[in-house]
Amino acid sequence: MQLKNNVTEFVLLGLTQDPVRKKIVFVIFLIFYLGILLGNSLIIVAIKTSRALGSPMYFFLFHLSVYDACFSTSIAPRMIADALLKNATISFSECMIQVFTFHFFGCLEILILVLMAVDRYVAICKPLHYTTIMTHRVCGVLMSLTWLGSCVHSSAQIFLVLSLPFCGPNVIDHYFCDLQPLLKLACTDIYVTNFLLVSNSGAICTVSFIMLVLSYALILHSLRNHSAEGRKKALSTCISHIIVVVLFFGPCIFIYTRPATTFSMDKMIAVFYTIGTPLFNPLTYSLRNAEVKNVMRMLWSKKLMPDDKR
């Protein structure tokens, strides 16, 4: 007999239930979210307005900044607003939309990080063929494939969650709707569903991480044949990429490659990839990239020049 879905809304417990701490969460994460929007917007504007940042690396960085802003927006605004409420609830349909958008933009971010690693590998290990391999057409096709892959991934996730019956408990011990907390509430055997979800999300995280580690290992190995100045420039770029990869993939692999179990630390770990990574990415790429810093200085000086003439 198929169980009916009697749940129309879920209760989100958030990061804390303490009224004072909820106010602290509101202030801190509002600042973080505004920082995410500001930092990623600066990179988007810098790349769009400068011809100096026209290489494929900055094409991918532009899209990473867009996805970072969208990824955090799928979670942060509601989390911040819920911190002001005594009891935060989310409708069933809104919860499903959040699951879809979160995994869609999260998968896009994973795939764009892989493309950035491939771009750096070609640029450093195959410099003479870089312009013929990484053409605008190739970059456009690769971006289209990331969208297709993300659609397939997030659609599969939402299809599996919608196939589950929710007929009783509706309290989610988290600050957003995600797979593991939802599986815990399903009133049916979730072994097969959990296996499929882990195979989907876990495989994407793990395989992508292995590909990234291998690509950067090959890059670092090839730097032995470069000049001191070439090694310094390549290392500066690669280190910033590696920092982003570790910050993002470490928590993701911990959350999405295990059976349907939840730990008290899950919520804090999730903060790293839902808020931390989109916040740190602009800082990492702008502070460690001389070209981006120079363009931002030029934009800032152009903004100040009209004020000086008044």
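Over residues 138-160 the chain is 100% helix and 0% strand, with the end C-alpha atoms 33 Å apart; helices here are DSSP runs of H or I of at least four residues, strands are runs of E of at least two, and both are numbered from the N terminus. Before I continue, please note that this is a predicted model, in which local features need pLDDT of at least 70, side-chain atom pairs count only at pLDDT 80 or more, and totals for chains, interfaces and linings use all residues. Residues are numbered from 1 along each chain as its sequence is written, and side-chain values use heavy atoms, without hydrogens and water.

UniProt, in an unreviewed entry, places the feature "transmembrane region" at several spans, including 24-45 and 138-160; such annotations may be inferred rather than shown by experiment. Residues 24-45 are likewise 100% helix and 0% strand, and their end C-alpha atoms lie 32 Å apart.

Let us turn to helix 6. What span should its 27 residues have? At 1.5 Å a residue, helix 6 should span 39 Å, and this agrees with its end C-alpha atoms, which are 39 Å apart. The expected span is 1.5 Å times one less than the number of residues.

Among the buried residues of helix 6 are Cys139, Met143, His153 and Gln157. Buried means under 20% relative accessible area, exposed means over 50%, and partly exposed lies in between, using a 1.4 Å probe and protein chains only. The elements covering these buried residues include helix 2, helix 4, helix 7 and helix 8, where contact means heavy atoms within 4.5 Å.

How do we describe such packing? Two packed helices are described by the angle between their axes and the distance between the axes. The axes of helix 4 (residues 92-125) and helix 6 (residues 136-162) come within 8 Å and cross at roughly 145°. Axes are lines fitted to C-alpha atoms, for helices over the stretch in contact, and angles run from 0 to 180 degrees between N-to-C directions. The residues of this contact divide into 17 nonpolar, eight polar and no charged; Asp, Glu, Lys and Arg count as charged, Ala, Val, Leu, Ile, Met, Phe, Trp, Tyr, Cys and Pro as nonpolar, and the others as polar.

Next comes Leu164, in the loop between helix 6 and strand 3. Is Leu164 buried or exposed? Leu164 counts as buried because its relative accessibility is 5%. Beyond its neighbours within four places in sequence, Leu164 is in contact with Leu183, Ala186, Thr188, Ile190 and Thr193.
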